[in-house]
Amino acid sequence: MRFLFKTDYEDDIKLFPHSGYVVTYGVLLALLLIAPHVLSSYLMSQLVFVCIYAIVGVALLILTGFTGQASLGHAAFLAIGAYTAAYLQKYNVPFPVYFLAAGLLTGIIGAMVGFPALRLTGIYLVIATISFALIVEEILARWESVTHGNEGMRVKTLSLLGVAVPRDSPTFYYLCLAVLVLTIVGTLNLLRSPTGRAFVAIRDSETAARSMGVNVALYKVKSFAISAAITGFAGVLFAHKLSFISPEMFTLQLSIEFIIVILIGGTFSLHGAVLGAIFIVMIDPFLTYLKDDMPGIIAGIAATFGAGAATAGNIEAKVAAFASLNGLKGAIYGIIIVLFVLFEPLGLYGRWLKIKLFFQLFPLYKRATFKRQKIYVKSERNR
Amino acid sequence: MSYFRAENLSLHFGGLKAVDAVSFAVEKGEILSIIGPNGAGKSSIFNLISRIYRPTSGRIFFEDQDITEQPPYDIAKLGIARTFQNIELFENATVLSNLLVGRHRHSTTQLWQELLFLPSVRANEKVHRRRVEQVIEFLDLEPYRDKLISGLPYGVRKVIELARALCSEPKLILLDEPSSGLNVEETGDMSFWIRDMRTELGITVLMVEHDMSLVNRVSDRVIALNYGRVLAMGSPAEVQQHPDVVAAYLGA
């Protein structure tokens, strides 16, 4: 176990508390940089989606994880970013300009959503953000002069400084990775400055934050704006990756996926956004795999236990019919969320910390170490 | 003119008069205690001063400035800090970041500077950190710097709340029952700290307290309230012998 001896106030501020972090993240970055030369094109494509989901995850963490304002409207912010890019592209606006414009516009709309949300907390805020998402979805479908309605919009190949960057090229992956890394570094910077601490203060006690001089309304709006702007940036990348966007891609289902990203990853640390993104992107091919192979496997097991060929075929057909039921994916997502909330509220990153601590303290690890303590009831009347 | 002044302060919830035409003044460098039975309106007065409640009528002045209409977050900026009766700390943050929130009123950096963590932000952070360290030293909180609030015992939380208020370098501090839930030894420490706050840091103290031994040890003056009205005002001994106060506590 490592003991940190802090000798300077700088030790409390720096991003990497000790050399171990530099090595770990250095190796990770090196692996990510050589990935295009090693992994198959399918896995590279999945990795790009991991980056995009992780960017949205970080954005959602700022708002939900650190400021405590739940949102089920992030698919709408993603859509606004994506459509801004697709629209501006028609007028031959260069990539850096429409990339920034998409972030800026989404940020402004995020702030506008933040204002009515100031008086709402908890479940009411969730409902408000859902309504916002539904409104945006409807606008995208109806405002045909700009969005081409349900026909959708084609997104041209990204061109960066005159060089074409196809959506499955390593350069596009590097671009997504760079945006992700910059987002994470920016967010970490924010979290170690007064603004980030004000966010956390609002999450834990608005009354106390106010009496310490935090303008709660202003910081909530700031949090909404920052979160939306980052999601807007992700939207541009998303549009380019898909090369075609239409309103039915940005449904409530997508917002729920983003919530799953941070719930499963862990809401208390940025690691959670990345782990959750890996989880959500990888679970889809895994479920497809199960759907294709599971009936055969179960029939095989039945056959080894002496079932006749006819019975085995019957079982296979029934399992296959069950696996291709409509809405099964949503149900599986739902079950996963419930299980995580019940048994691992700290998410995958929390689980990783526990495993790490187990080996650091071996054999002294106590199960109660991570138990959440809430003994003293805070006064609700001053809210 | 007095340093801090409340004039005819009233707070009515429908027909209930939680605070009823209370007037008092606090002199600079004074320790003034407000006592009274449960429900007398003591904490309500604090919530009026820190603008959690809007007074039904009456005015509040601080350093000759009318602060009755100031938004709540500006009260801290003027130099009035407070603690809460039922501890309001940021549960899922470390002690250090709790105390750094106390420095919020002194932060001058802009959002874009913070995103890039420019040298100016870094320099400011170090100044904040040094101030926080002074408070940590003042209140003997060294063992807890990196601990999460949610794992700390009540007595320590109480001190951390005081520390957070001190981190904002207030001119006037409002302590809402600083000794509630503390044992005799911790209450003793608290009384030393309250006096040191005045003598070493030059902070004016207004506190609500039930523990009469603490009130007697630290207060210059005492105000007794009952049913939202002032019963008596004066030195601790005078107030305790006042017939109305005795009647309020013991029944007539």
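**Exercise 1.** Determine how many bridges join β4(B) to β5(B), and in which sense the two strands run.

*Solution.* Strand β4 of chain B covers residues 57–62; strands (E, at least two residues) and helices (H or I, at least four) are DSSP runs, numbered from the N terminus. Two bridges join β4(B) to β5(B), and the strands run antiparallel. Strands count as paired if DSSP finds at least two bridges between them. Within this pair, Phe61(B) has Asp66(B) as its bridge partner.

The model is predicted: local features need pLDDT of at least 70 and side-chain atom pairs count only at pLDDT 80 or more, while totals for chains, interfaces and linings use all residues. Residues are numbered from 1 along each chain as its sequence is written, and chains are lettered from A and ligands numbered from 1 in the order in which they are written.

**Exercise 2.** State the strand order of the open sheet of four strands in chain B, and explain why one side of β2(B) and of β5(B) is left without a neighbour.

*Solution.* The order is β2-β1-β4-β5, with antiparallel pairing. β2 (16–26) and β5 (65–66) of chain B stand at the edges with a single partner strand each, so one side of each has no neighbour in the sheet.
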